[in-house]
Structure formats: C-alpha cells, structure tokens
2 protein chains.
Amino acid sequence: VHVSELQTPALVVDPVALDHNLAVMAAARPGARLRPHVKAHKTTALAARQAAAGHHGFTCATIREVEGMAAAGLGTDLLLANEVVDARRLGAVVAGGGRVTLAVDSDATVAAAAAGGVREVVIDVNVGLPRCGCDPADTGRLAERARALGLVVRGVMGYEGHLMLEQPRVDRRANTEACMALLQQAHGQVGGEVVSGGGTGTYDINTWVTELQAGSYVLMDSAYGALDLPFRQALFLEATVISVGSGGWAVADCGLKALGMDHGNPSIDGATVWFCSDEHITFSCDPLPPVGARVRITPAHVDPTVAYHDRMHLLTADGEHVAETWAVDLRGW
Amino acid sequence: VHVSELQTPALVVDPVALDHNLAVMAAARPGARLRPHVKAHKTTALAARQAAAGHHGFTCATIREVEGMAAAGLGTDLLLANEVVDARRLGAVVAGGGRVTLAVDSDATVAAAAAGGVREVVIDVNVGLPRCGCDPADTGRLAERARALGLVVRGVMGYEGHLMLEQPRVDRRANTEACMALLQQAHGQVGGEVVSGGGTGTYDINTWVTELQAGSYVLMDSAYGALDLPFRQALFLEATVISVGSGGWAVADCGLKALGMDHGNPSIDGATVWFCSDEHITFSCDPLPPVGARVRITPAHVDPTVAYHDRMHLLTADGEHVAETWAVDLRGW
C-alpha cells in the first residue's frame, strides 16, 4: 500500500527514526536497565521490537495493558506501575503463567494485591509529584505489611514525572537527584533488588534507579522534542487537505479526536497551526497546499494521541509505502 | 450490574437528564427542524433515541459515522457536514440504499462527490469560522458546477462554530444573525430547500436555518454547562480512588486517555481538580474520600471524551444499576 492510499487521519511511523531511538536507548540503558513503558504506544508489535532490542521487562499503566502484553507472549516480567483496588484480573494473568508485579502505596492496595492473586509488589513512593506513592517514611511499615500477607516485595518505585520536561537540564538533574534521594531512603527501608523510576526526560540523568520506565523515547512528540534528547520524532499523523480558505488558511482532516491536546496544539513543519476542531486542523503556510495534498503533523503529546487510534502504520525506509500495520491493541481498561 | 461493579474509568449516562434533553430539544426543534449531530456521541443506540424523539435526519462528521449510521438502519437522510477528497465509500453507502448528502466547498470536492457516486450535495459556506466553507460570493458558481456534473444541490450549510460558547447571550444572538445573513445570501444564489447550520449554543437563537446541527445538547459537558441553556449534564465519567496522598490530595483512575482535554480540566462536584495525567486525576476536597471510593467526573468537552471509549452505560433512573450498555460504534475514520 502506498502511503497516499491510507485513509486519513492515519498514524505513521518512520522506521529510520524508530530504529535510531531503539538503538540509542539500548546503548544507554541495555537489557534490564530499561523497562519500557507501553503506555506511550499501547502496541504489542512495537513492544516486541523493544524486546528484540534486549528489554524483556515492561512497564504498564492499566490492567488491560498487562493482560494484552501477556496475551502477546510478552509477559515474562510486567510491572503495573499503578495502584488498583481490584487485582483479580491481574491474578488471572499470574495464574496463566505471566509474571506481574504491582505497585502498592496503602494498606488498601496491599490488601487488594493479596486478595486478587498477585504475588509480587513494589512499594510506590511519592518522590515529589502529587499523585500516587506513599510517604517515604511509611514505606518500611507498608513492606512489612505486604510480606505479612505473603507477598514478595521486590523493591521500590518512584516517578519524578514533574521533572520530565523541566528546562534547563541542569535543574532537571539537580531536582532528579533530590527526588532519587527520597527513593533511596525508602529502598533502605524496604529492601529488594528493584529501584524503578525515571522516564525519557531523565534517561541519562537518573543514574540512581536500577531500571528506567521510559516510554516516549521510542516514538517521541513535540513536547519531548523541545528537550536536549538524542531521540528523533518517529510518529506522525498523516492528514489530507480538504479545504483551502479564501482568507489564507487551509484545513486538513485531523483534529481533537486524533490528537492528545493536553500539551496544546500539534505542529506542522513550515506552517502555523491556528486551531483544532473535532475533525479539522486549520493552519497557514506559504504557499498554501492544494485540496487533496497530504500534510504530516507532529503530535504535541504522544500517549493520548496514540490512544485515539486503532492502528499505526510502519513505513518503508523511503517513506513511500506501508511496511507493516500494527494494531494499537492495548487500548481501553 | 451494579454501577459499583463497572471497570473504571467508565462513561455513564443519567437517563433522567438524557430524557429531559431529548424532550426539551424535540419541543424547541421538532422533527426535521433538528438534524442531530452524531459526532458528539458516536453511538448508534443513542442516535436511535434521537430518531424515536422524531428526528430522522442526522449530521455526521466522518465517512465512518455515515457508514455506521447506515449499517444501523439510521440512514434515511445522512448529511456529511464535512469535505472529502475521496467519496467512494459514501457512494457505496448510497448504492446500498442509504441517502447521503455531502458538503462541498470547492471544485475539487464537487468533483470528488460526483466521481465517488454521491448524488446529493449542499454548498458549504464560510460564515465566519476560519475552517471549511467557500466564500459566500462563490456559492452560485459552485452550485452550477455541481449541477453540471449531475449532482442534486439540496441547499446550503454554514456553521457558526466560533459563536457556540460566546457570552453574553446578546452578543451570541447578534453575531449569529450576522453569520446567518451570509448564509441566506448564499442560499439566494444556490437555491434548494435546505439551510443547515447552528448548534447547541445557538439552538434557540438561530431561527434562520431550516435544520439545526446540534449534537452536544443530548449529553452535555462543562463548557456548554456554563451557558444559559436548559440542557442538563447527562454524561459522567465514573472513576475509582486509588491513592490518597499525605499532602491533602486524592487520585482517581481516569486521565488524559479518558477525557478530551482541549477545553481544559474536567470537574468534580465539591472538589478542586489539580491536574490530569495519562491514567490519573489528582484532586482535593474536604474530607478526602477513602481508597476504593467512586467519584463522578464531568468532562469539559463531550465529543473528544466519548471518542476515547468503546462503550457507555445507561443507568437506571435511581442511578444504581446499568440498564443498557451501548457500543460507541462510530469511532475511527
């Protein structure tokens, strides 16, 4: 299939940039030192590429992601880096032969893990982002409680998510060090071999974790693209110009339902994006493209963009044809 | 199924508010004077309720919505209020017995309609929103061109989308009148029985169109809820508290991948929403709910919220149980 024959809007993946990103990260964080986060792409075919690059453990954000990864044969070491109050579906994955480690940060979530048939947990530690994670001072008590319920406590996790896009880099480094000091303090209380955290924005800064939970590095977006990272934009949204306004703008057929908008508007090389509607993007450039022309859009935030699509197309190296079509098969909950 | 047994995040619909919205709109815009826009809900089961309320023509934003409505037996009069450069899938719907009217605003989209097997069009007119629609002065020429290619020109459409959320109402009214003067001028050039436009925000203001393209009225969102409209919030996102932070916040299991974010954060009655992450919403209230509690979230923008979900649950009138589960079956493109 030629790329011009794709029904738009369509997610397309540049294989050269993808392979570059896989190789750069595998060199920086080889093997088990990276636990790729599948929430960024929700695509088992892409996770298989990450496994082929040497990373066999994965991070998940939802029960559905854990189930889908296990069903795809990628369940040798799955970390659900999130709390759940009903772990029975995870227990079923464990009973089916998958290895699932669950984040816990309270008595209630420890109890849910044990009751649901999960056998392994990590203590989730609040390292500064006001989200999940217990107080560092409470981690020893929580680990003890988990062990008393028969759970194996593999270690700790703590995500410095509020620092991922911080500029300049020197501040990102200093603040990451302070966050990771809290995580190490907790690790001293909890024990175990796992210290999990970090992300794309701190991939070469966070030297304190034993495994990095980066996800965005593999496809990238314009928010991460503004940082000082060696990863290249690999994901684009292909759209078709459907209207050219007499006032100096053009309109293509992709909008709010094809793009995560929490980081603002997407971008188009050489053009100014005016705004997005449900199924439209209005932009200007000089000269304006004709009706029927293709435009290539860079999402501002990869994770919620991919979650709108049921497939993505890996292109050939010359960008002309579709080499493989991958189901975005980890969507939903 | 009790609502507490739903896997969260889950879209739930209040049947009392839904019936109220259907009744209020059917009284204000009975029968063919409303052409409900299915993009707001993407759910044929809900469109069937709108048909039962007397509205048998529908507005669509994508080819997929047209195909799905026709397949669900709701294809007696479908308007695709958007331009396409390849109308062959629409031609197939027509060949299968559906009635499809397509918006055109250029020589290229007129040619695409004819080549694709579509038989009926409306001329899409730019009435002030910088998006699709031709210059009002060009409408007569375009209608002539369409007729020369054998197309039936049913009339005109023009969407005053930039005015939908305008406050105060007196400005919304004055500006709508100015926009509709352009549309009436175009109608004079084009002819035909259809003058289509308007939306939820101008449902009782826009007296110039023969049919109103409102969609949001039936489920509503917090953006429209801030206006002076008689429609009630009928759609909520049910989420579960998974973590309660020691710093005075709580976290529930719904985030960027369950909520359209272009209108900003969602809201929770009696609480302050801090921010949304991929799969989390952090909020504060007094007292904080315990882990495991349910919270009910009002989306800021209904259309891109629904597009993230594969189903929605109609509750019983007492809000306790699931009466029906509807597939959000018009997603994708």
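In the predicted model described here, B:Met157 stands opposite B:Ser196 in β7(B). The two strands concerned, β6 (residues 152-158) and β7 (residues 194-197) of chain B, pair in the parallel sense over four bridges. Strands are taken to pair if DSSP finds at least two bridges between them; helices (H or I, at least four residues) and strands (E, at least two) are DSSP runs numbered from the N terminus. Residues are numbered from 1 along each chain as its sequence is written, chains are lettered from A and ligands numbered from 1 in the order in which they are written. Because the model is predicted, local features need pLDDT of at least 70 and side-chain atom pairs count only at pLDDT 80 or more, while totals for chains, interfaces and linings use all residues; side-chain values use heavy atoms, with hydrogens and water left out.

The pair β6 and β7 belongs to an open sheet of seven strands in chain B, in the order β2-β3-β4-β5-β6-β7-β8, with parallel pairing. At its edges stand β2 (58-60) and β8 (211-212) of chain B, each with a single partner strand, so one side of each is left without a neighbour in the sheet. In chain A, seven strands likewise form an open, parallel sheet in the order β2-β3-β4-β5-β6-β7-β8. Its edge strands are β2 (58-60) and β8 (211-212) of chain A, each of which pairs on one side only. Three bridges join β2(A) to strand β3 (residues 78-80) of chain A in the parallel sense, and A:Leu78 in β3(A) is the bridge partner of A:Phe58.

An antiparallel arrangement is found in chain B, where four bridges join strand β12 (residues 272-276) to strand β13 (residues 281-284). A hairpin of four residues connects β12(B) to β13(B), and B:Val273 stands opposite B:Phe283 in β13(B).

Over all chains, 42 salt bridges are found, a salt bridge being a side-chain nitrogen of Lys or Arg within 4 Å of a carboxyl oxygen of Asp or Glu. Side chains of opposite charge can pair when their charged atoms come close. In one such bridge, the side chains of B:Asp77 and B:Arg35 meet at 3.2 Å, N to O. B:Asp77 lies in the loop between α3 (63-71) and β3 (78-80) of chain B, and B:Arg35 in the loop between α1 (15-28) and α2 (44-52) of chain B, so the pair ties together parts that are 42 residues apart in sequence.

Between the chains, 53 residues of chain A are in contact (heavy atoms within 4.5 Å) with 53 residues of chain B. The buried area, which is the accessible area (1.4 Å probe) that two parts lose on being put together, summed over both, is about 4200 Å², and carbon and sulfur atoms give 62% of this area. Four salt bridges are found across the interface of chain A and chain B. B:Lys42 forms a salt bridge with A:Glu279, with the closest N and O atoms 3.9 Å apart. The elements giving two or more residues to the side of chain A that touches chain B are α5 (107-116), β9 (235-244), β12 (272-276) and α9 (302-306) of chain A. The largest share, four residues, comes from β9(A).

Finally, chain A can be laid on chain B with an RMSD of 0.0 Å by a turn of 180 degrees and a shift of 0.0 Å along the axis. The two copies are thus related as by a two-fold rotation axis. This superposition is by least squares on the C-alpha atoms of residues with pLDDT of at least 70 in both copies.
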